[in-house]
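Have the structure open in a viewer as you read.

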Amino acid sequence: MSDTYIARPKPRPEEALKDPAVNRDFIGRLVREFYRRVRSDARLGPIFAGEIKDNWEPHLEKMTDFWCAVILKDGSYHGRPVPAHLRLKTVVEADFDIWLGLFRQTVGDLCTPAVAAVFIERAERIAKSLKLAMFFRLPATLGPDAARARTRDDA
């Protein structure tokens, strides 16, 4: 085995979307329309209703903060999405496809194509990250140390 380290270029950090039409008010409207659609969905509606109950306004404000941080890079969100989603025991991996479909429709209806593309790219990345956190597990016999050892042996 070689101890040679292959340097990979660091990915460039995402930049804030610079579009005069996209501000907190716009993102708040988009979030509210998206969650209106989520609440009407036969699969996702009951999941969200079970978690949020009648506390929709605080959730919508938190999601507005989240998307402002994701799109505008304004630092307004201070939550921890992975632990919040790990609590959701009724969510299955396919639910993310429904979520993404509704999100794509919403941004497609409310945004210019260029702005929609930014929202969709970031939503897809977020969904992928949450799916990995929620549904991917190494077998117990192949924890991180065992997996590293196996990789060294295979080299």
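## Ground rules

A residue counts as buried under 20% relative accessible area, as exposed over 50%, and as partly exposed in between, with a 1.4 Å probe and protein chains only. What you have here is a predicted model: local features need pLDDT of at least 70, side-chain atom pairs count only at pLDDT 80 or more, and totals for chains, interfaces and linings use all residues. Residues are numbered from 1 along each chain as its sequence is written, and side-chain values use heavy atoms, with hydrogens and water left out.

## The overall layout

The chain has seven helices and zero strands, so read from the N terminus on, the order is simply α-α-α-α-α-α-α, where helices (H or I, at least four residues) and strands (E, at least two) are DSSP runs numbered from the N terminus. Of the 155 residues, 33% are buried.

Contact here means heavy atoms within 4.5 Å. Take the contacts between residues at least 6 apart in sequence: 78% of them join residues at least 24 apart.

## The nonpolar core

A nonpolar core is a set of buried Ala, Val, Leu, Ile, Met, Phe, Trp, Tyr and Cys residues joined through side-chain atoms within 4.5 Å. The largest one has 41 residues, and I27, Y35, W67 and F119 have the most contacts inside it. Helices α1, α2, α3, α5 and α6 each put at least two residues into this core.

Which residues does W67 touch, not counting those up to four places away in sequence? Its partners are I27, V31, L72, W99, F103, F119, A123 and I126.

L17 sits in the segment before α1 and is buried, at a relative accessible area of 17%. Leaving aside neighbours within four places in sequence, L17 is in contact with V22, I71, L72, V115 and V118. The C-alpha atoms of L17 and F119 are separated by 9.4 Å, though these two residues are 102 apart along the chain.

R37, in helix α1, is buried too, with a relative accessible area of 16%. Not counting residues up to four places away in sequence, R37 touches L102, Q105, T106 and D109.

## Salt bridges

The model holds 13 salt bridges, each being a side-chain nitrogen of Lys or Arg within 4 Å of a carboxyl oxygen of Asp or Glu. One of them pairs E61 with R32, with the closest N and O atoms 2.9 Å apart. E61 is in helix α3 and R32 is in helix α1 (residues 24-40), so this pair ties together parts that are 29 residues apart in sequence. Both ends are partly exposed: E61 has 34% relative accessibility and R32 has 28%. These two also belong to a network of salt bridges that links R24, R32, E57, E61 and D65.

Another pair is D95 and R43, whose side chains meet at 2.7 Å, N to O. D95 lies in helix α5 and R43 in the loop between α1 and α2, so the parts tied together are 52 residues apart in sequence. Is D95 buried or exposed? D95 counts as buried, at 5% relative accessibility, whereas R43 is partly exposed at 34%. Then there is E124 with R104, at 2.8 Å between the closest N and O atoms. This pair links E124 in helix α6 to R104 in helix α5, distant parts of the chain 20 residues apart. E124, at 33% relative accessibility, counts as partly exposed, and R104 is partly exposed with 34%.

## The largest pocket

At least two lining residues come from each of α2 (44-52), α3 (56-72), α4 (81-86), α5 (93-110) and α6 (113-135), and α3 supplies the largest share, six residues. By type, the lining divides into 20 nonpolar, four polar and five charged residues; Ala, Val, Leu, Ile, Met, Phe, Trp, Tyr, Cys and Pro count as nonpolar, Asp, Glu, Lys and Arg as charged, and the others, Gly among them, as polar.
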